[in-house]
Amino acid sequence: MGTEIRIAEVTKKYGDKTIIPNLSLTIRSGEFFTLLGPSGCGKTTLLRMIAGFNTIEAGSIYFDDKSINAIPPYLRNIGMVFQSYAIFPHMSVRKNVEYGLRQRKLDKKTIREWSDSIMETVKITEYADRSPNQLSGGQQQRVALARAIVIRPTVLLMDEPLSNLDAKLRIEMRSAIHDVQKEVGITTVYVTHDQEEALAISDRIAVMNQGEIQQVGTPVELYHRPANTFVATFVGTSTVFDAVFQGNDGDAFVVIDGQLRVKVDHLRSGIADSEALKVSVRPEEFIPVRDPQQTNVLKGVVKSCVFLGKYLNYEVQLTSGRMIEMSQPASGIRDYFKEGEEIALTVDCERINVFDGAGSVNLIREEG
Ligand SMILES: Nc1ncnc2c1ncn2[C@@H]1O[C@H](COP(=O)(O)OP(=O)(O)O)[C@@H](O)[C@H]1O
Ligand SMILES: [Mg+2]
């Protein structure tokens, strides 16, 4: 069984500057949990608080029911992987992996067994006798991962472990890390600013901005029902429009960008007529309208069309001057839009998101 990490109302200050104000979060046993947010939002700071490298100015962190505030880092039994590989260049791969076990003075047989097993798991057995400088970046990061988990830590913390790798290796390594974590079953906190990586690798994600958690959810929840416009635009791509509410006999309408009036079901009640709203639309939620008679549309001109195999991606300039991104699945589409072509769009009312005027509260009620 993995360990639950409970962060209860913690505050981090540097001098008189509050970096993390009163943050609470529970990371479940065995979960692959990601802290996602822009550079400087406090991800590393929070991770270092869990590791014990940072002081905590207020609040508590618990591993299961035990407060760890007063436990020094070296007694927290934590495995860590950083952006830099932090492996010893003068030791073979096997010696690197065994290092933490030797320090713990385990017997020879256990050291051999545990390190053999973990090298199998992260697929570096064939390099066991090599020196790290004979390995690629991806292989070195596998060694770092093996070294972090061979000690059977209580939790595994990873801070942007893939940012030094090239794009192709990053994708390969993120599934390797995911598979290894699932096999070992260790509670893992992973830090990244790369939303695509976070979506691909995580059970759940906390989106952070300026030291505060914006939303906690599964990748699917964050993508489909972002809590606010920050999450809507940081996770995946969204166009955020100004919009206005119109109630009509109990039906709810939203007028997007002063032009497109759509009926939206499942809106929260209590929104006033003419109230200002924000609406976010993802590229795949725009729907081209072929009927020239239809006037309830957003009009624009196609500025670029990129064929990506599965998708056609368009940049469209609306008559307001606004550039938006729109995409269509490529399969079955023969008459795609060309550059310079005029286009009329509506939106998928089931999938778009509607927020209050500040963009800080999602007004869609989830059914059931
Ligand atoms: N040792 C430090 N002293 C003062 N300010 C710091 C220190 N470490 C980080 N900060 C500040 O805390 C904020 C969060 O930093 P960090 O946690 O590294 O962000 P992230 O990992 O999300 O990029 C930043 O504004 C950064 O400048
Ligand atoms: Mg960082």
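Colleague: So, how many residues are in the largest nonpolar core, and which have the most contacts inside it?

Modeller: Keep in mind that this is a predicted model. Its largest nonpolar core holds 62 residues, and the ones with the most contacts inside it are Leu145, Ala146, Leu157, Val189 and Val207.

Colleague: Which helix gives the largest share of this core?

Modeller: That is helix H4, residues 137-149, which contributes six residues.

Colleague: And Leu157, what is it in contact with once you leave aside neighbours within four places in sequence?

Modeller: Leu157 touches Leu47, Ile50, Ala51, Ile78, Met80 and Val189. Apart from that core there is a second, separate one of 23 residues, which includes Val254, Val279, Leu298 and Val354.

Colleague: Good to know. Back to H4: at what angle does it pack with H2?

Modeller: About 25°, and the axes of H4 and H2 (residues 93-103) are 7 Å apart. Angles under 35 degrees count as roughly parallel, so H2 and H4 are roughly parallel to each other. H2 passes H4 in a right-handed crossing.

Colleague: Which residues meet there?

Modeller: From H2 you have Val93, Asn96, Val97, Tyr99 and Gly100, and they meet Val143, Ala146 and Arg147 in H4. By class, this contact has five nonpolar, two polar and one charged residues.

Colleague: What about H4 and H5, how do their axes cross?

Modeller: At roughly 20°, with the axes of H4 and H5 (residues 167-184) coming within 11 Å. H4 and H5 are therefore roughly parallel to each other. The crossing of H4 past H5 is right-handed.

Colleague: And which residues of H4 meet which of H5?

Modeller: On the H4 side they are Gly137, Gly138, Gln141, Arg142, Leu145 and Ile149. Their partners in H5 are Leu169, Glu172, Met173, Ala176, Ile177, Val180 and Val184. The residues of this contact divide into eight nonpolar, three polar and two charged.

Colleague: Changing topic to the whole chain: how many helices and strands does the protein chain have?

Modeller: Eight helices and 20 strands. The C-alpha trace spans about 80 × 50 × 40 Å along its principal axes.

Colleague: What percentage of the protein chain is buried?

Modeller: Buried residues make up 36% of the 368 residues. As for contacts with a separation of 6 or more, 66% are between residues 24 or more positions apart.

Note on methods: Residues are numbered from 1 along each chain as its sequence is written. Chains are lettered from A and ligands numbered from 1 in the order in which they are written. This is a predicted model: local features need pLDDT of at least 70, side-chain atom pairs count only at pLDDT 80 or more; totals for chains, interfaces and linings use all residues. A nonpolar core is a set of buried Ala, Val, Leu, Ile, Met, Phe, Trp, Tyr and Cys residues joined through C-beta atoms within 7 Å. A residue is buried if 20 or more other C-beta atoms lie within 10 Å of its own, exposed if 12 or fewer, and partly exposed in between; C-beta atoms are placed from the backbone. Helices (H or I, at least four residues) and strands (E, at least two) are DSSP runs, numbered from the N terminus. Two residues are in contact if their C-beta atoms, placed from the backbone, lie within 7 Å. Axes are lines fitted to C-alpha atoms, for helices over the stretch in contact, and angles run from 0 to 180 degrees between N-to-C directions. Angles under 35 degrees count as roughly parallel, over 145 as roughly antiparallel, 65 to 115 as roughly perpendicular and the rest as oblique. A crossing is left-handed if the near helix is turned anticlockwise from the far one by less than a right angle, and right-handed if clockwise. Ala, Val, Leu, Ile, Met, Phe, Trp, Tyr, Cys and Pro count as nonpolar, Asp, Glu, Lys and Arg as charged, and the others, Gly among them, as polar.
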